[in-house]
Amino acid sequence: MNETNDNILNEVTQGDYKYGFVTDIDTETIPKGLNEDVVRLISAKKNEPEFMLEWRLKAFRHWQTLTMPTWAHLTIPEISYQDIIYYAAPKQQAKYASLDEVDPELLETFDKLGIPLNERNHLAGVAVDAVMDSISVKTTFRETLAEKGIIFCSMSEAIREHPDLVKKYLGSVVPSTDNFFAALNSAVFSDGSFCYVPKGIRCPMELSTYFRINAANTGQFERTLLIADEGAYVSYLEGCTAPQRDENQLHAAVVELVAMENAEIKYSTVQNWYPGNKEGKGGIYNFVTKRGICKGANSKISWTQVETGSAITWKYPSCILRGDNSSAEFYSVAVTNNHQQADTGTKMIHIGKNTRSRIVSKGISAGLSNNSYRGLVKVTRGAENARNFSQCDSLLLGSKCGSHTFPYLEVDNKTAKVEHEATTSKIGEDQIFYCNQRGISTEDAVGLIVNGYAREVLNQLPMEFAVEAQKLLAISLEGSVG
Amino acid sequence: MDNTNIYTALYQENKELLQSLSPDFLVKLREDAMQHFIQKGFPGKKDESYKYTYLEPYFNNGYNKYLSPKNIQFDVNEIFHCDVPKLDTHVILLVNGFYFDAANPLKTLPGDVIVGSFAQAVKEYPELVAKYLGKYTSGDSFVALNTAFSRDGIFLYVPKGKVVEKPIQVINVLISDEELMVQHRNLVILEPNSQARVVVCDHTLSPNKFLTNAVTEVYLGENATFDHFKVQNEHNDSVQVSHTYFYQDKASSLRTSTITLHGGLVRNNLNIKLDGEGAECHAFGLFVTDQAQHVDNSVFVDHAKPNCTSNQLFKGILDDQSNGAFAGRILVDRDSQKTAAYQRNSNILLSDEAKMDSKPQLEIYADDVKCSHGATVGQLDEDALFYLRARGISEREAKLMLMYAFAYEIIDEIKIEPLHVRMADLIERRLRGDLTRCNNCAVNCG
């Protein structure tokens, strides 16, 4: 690639992070460090019933026996778990009954992020649960949803008000002993979103959680639980941002999805945590466990993710296809630039008969970043007629980045059809030439090609967010045309 | 489980013997390898590179281990009674890992090509061997074990610009009246602009349990061409761990095929390092398994320099309770621009209990590259089967035809004509179940 192109490349990939501001607001924090007392304190602060405290302590004790796994293709500086503040909440506690009571500073913050909490100015038909640091600030449209019998609230509320549902499903997909970060999350999670869609109900609007880290030195540990009962449908979106800081902050979330018979869950993520600066200083460590189970027959779970932020991303939204005829999809665009690292992918576990899964993963790496796809497709002995198709493409922009593919295929049934294909290449000079020839500048051409490349995934996002994601893609790659 | 001790003890017992037979450089290599092995031990159940094949239990006390050749009585003519028709080769025989023709350990072929016993080459050409031996092998525990103990094997040296016209055929015979462990070491050196073809076949002549841990190193100089073909045809009580390292200099060209017809447990590690611009390699593999067999092919291709091409095609047909595994890793180093790397792994499962694990991997650090991989696990195409049935072909025949067509893609890559014909025939008989055990050298069966 010649020098001019390199320059354009640099321009395109060096966009600034728009959400790096800090909200000046009184924050209540607890002292740094992690021990049983901290777990008890968090539980007490949330007025949790006894069973939750027991559950947390069990997870904490198990976590103490674990060491951080090292198998990912990531270089992670040592994390001192005693140097993190495990609970931080904007003061003025309590759930706001009406919007007037919400700190105007907070409202402004979410306005700035494009997430109006005022229902009149709502994002076309989207109910939002806004989470700042450790607590949920406001959940919009609760009443409208409640009319249909849909429960959409913060996790802490759900624990207090719907303990039976929580008891039944919390940890049923990602057990507290699942892995290092899931155990940590189970012990100290502070809030998150809870949603239950009853039998036969089609959720009338998009549900959404917006996560914002604000306080310094804190970790964010939220927990999301979504249950779609028989025949229900829900589409859910999560977004996230954080201020620009020099130190790294840890985000270890757990998301559990449960789809009963004939239910469908669509879960979309636009992840835009602060990725660190151009020298790789600062940024969020995004270590997330996401898993869904197609419990009933004919159920469907679809994961869509656009990953542009975080210094280090380590997550594998997975599906357990337990019900017969159930299906699962995973669509992902992961963009890494500068010093970012990502090791992401999915697991599809086929257990039921006639189960189908589809994986489409598009990696784009630029700058000095490393981007890996890691996935497992497992067909167990009883999974008759299982079908999987995986496609993992990688696009390299610049000669100093890395792109890797680590798929695992484990097939234990002769009726299964499992296919995987992957390609790695850079943007073809002939493609650029074709555009140039038609009067399209190299910069625009790269934007065009990258967007076309990611289209298959972006198309899966709810409309309002597809536009945002497309812009985000352009910003993340600003300065990296090649 | 810890079987490391068995080998540390064996090493201590035989240290003097090994040292008395080895020049200084080899003594040091053995010592270092043993230290490395003690430190690392056998790969555990969770070791990523041996994820699907746990080997430590096989490296137990149940096998006799000899560091000097044992006198074995058998009829040599029995082995050579028929050749591959029209295949004219230089034949070399290894019996239980030791060079057989003791009276004539190193032969000189036309063009000053040296071929013969590795042990003898260590004695006669220590400098040449020292220059290459173990230079590019990896830190694998089994390789270290082999370096520490292996005494003999095949040595081949092709001088600059020389072409070995006839293929060299290496026959590995395992024959014993007791359970036996065999570790042999082969070294092939091709100087710049030289060419050679080697056909290797492994087979067992007695029903005893065998454990083989073999290492082959091949060095291709600038512009050298090497054609390597290996047939594995051992009985179902045998365990074979085989490591092959190819080091390729500028513009060298390699073709290597491994065909596994029979074997109890087979693990093949194939390592190719493309360390010169314009080098290219083609690696092929095919296995047919039934009963409780287990075949694991692990391939690592390192594109260390720009402008290299690699191509891999590995296939498997699995029946009964057999297990198959494939791991293929392509690494493209930071400055290896203009790399083209392809890899494909396709497998057919014929029975409910058969299991296949596939792990194709790409690790790429350069941007101007074209790399792709694909993996499939499936069954015979219903439509194709129906097409054949509709034309009056019995189900059994139709299935055989489809399996044969699936396997033929690999056989088609065999460029030595008589061998091609022979393998096509052998594969067909293997698929029909007629080839139950090899009676003789794999390429002579029948």
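The chat below goes through a predicted model with chains A and B.

Colleague: How many residues of chain A are in contact with chain B?

Modeller: In this predicted model, 33 residues of chain A are in contact with 36 residues of chain B. The area buried between chain A and chain B is about 2,800 Å², and carbon and sulfur atoms give 46% of that area.

Colleague: Which residues of chain A lose the most area to chain B?

Modeller: Those are A:Y408, A:L409 and A:K414, which together account for 21% of what the chain A side buries.

Colleague: And how many salt bridges and polar contacts are there between chain A and chain B?

Modeller: The count is one salt bridge between chain A and chain B, and it is formed by the side chains of B:D368 and A:K426, at 3.7 Å from N to O. For polar contacts, the count between chain A and chain B is 18 residue pairs, taking pairs with both residues at pLDDT 80 or more.

Colleague: Which strands of chain A supply residues to the side that touches chain B?

Modeller: Strand 23 (402–411) and strand 24 (417–426) of chain A each supply at least two residues of that side. By class, the side of chain A that touches chain B has ten nonpolar, 14 polar and nine charged residues.

Colleague: What joins strand 24 of chain A to chain B?

Modeller: Strand 24 of chain A is joined by eight bridges to strand 22 of chain B, residues 369–378, and the two strands run antiparallel. Within this pairing, A:S425 has B:K370 as its bridge partner in strand 22 of chain B.

Colleague: Switching to strand 20 of chain A, why is it largely enclosed?

Modeller: Strand 20 of chain A covers residues 356–366, and nine of its eleven residues are buried, so the strand is largely enclosed by the rest of the structure.

Colleague: Which strands does strand 20 of chain A pair with?

Modeller: Strand 17 of chain A, residues 327–336, pairs with strand 20 in the parallel sense over ten bridges, and in that pairing A:T336 stands opposite A:S365. Strand 20 is also joined by eleven bridges to strand 22 of chain A, residues 387–397, again running parallel, with A:I359 opposite A:S390.

Colleague: Now A:Q271, is that residue buried or exposed?

Modeller: A:Q271 has a relative accessible area of 1%, so this residue counts as buried, and its place is in strand 12 of chain A, residues 264–271.

Colleague: What does the side chain of A:Q271 meet there?

Modeller: A polar contact of 2.5 Å joins the side chains of A:Q271 and A:E307, while a polar atom of the A:Q271 side chain lies 3.1 Å from the backbone nitrogen of A:W273. Leaving aside neighbours within four places in sequence, A:Q271 is in contact with residues including A:C240, A:N286 and A:T313.

Colleague: Over to chain B, how many helices and strands are there?

Modeller: Chain B has nine helices and 22 strands, and 62% of its 446 residues count as buried. Among contacts in chain B between residues at least 6 apart in sequence, 84% join residues at least 24 apart.

Colleague: Where is B:D237?

Modeller: B:D237 is in the loop between strand 12 (225–233) and strand 13 (238–248) of chain B, and at 42% relative accessibility this residue counts as partly exposed. The C-alpha atoms of B:D237 and B:G264 are separated by 5.2 Å, although the two are 27 residues apart along the chain. Leaving aside neighbours within four places in sequence, B:D237 is in contact with B:P207, B:K209 and B:F210.

Conventions
Residues numbered from 1 in each chain as written. Chains lettered and ligands numbered in written order. Predicted model: local features only at pLDDT ≥ 70, side-chain atom pairs only at ≥ 80, totals over all residues. Heavy atoms only, no water. Contact = heavy atoms within 4.5 Å. Buried area = accessible area lost by both parts, 1.4 Å probe. Salt bridge = Lys/Arg side-chain N within 4 Å of Asp/Glu carboxyl O. Polar contact = N/O pair within 3.5 Å; in protein donor to acceptor, adjacent residues only side chain to side chain. Helix = DSSP H or I, 4+ residues; strand = E, 2+ residues; numbered from the N terminus. Nonpolar A, V, L, I, M, F, W, Y, C, P; charged D, E, K, R; others polar. Pairing = 2+ DSSP bridges. Buried < 20%, exposed > 50% of the residue type's maximum accessible area, 1.4 Å probe, protein only.
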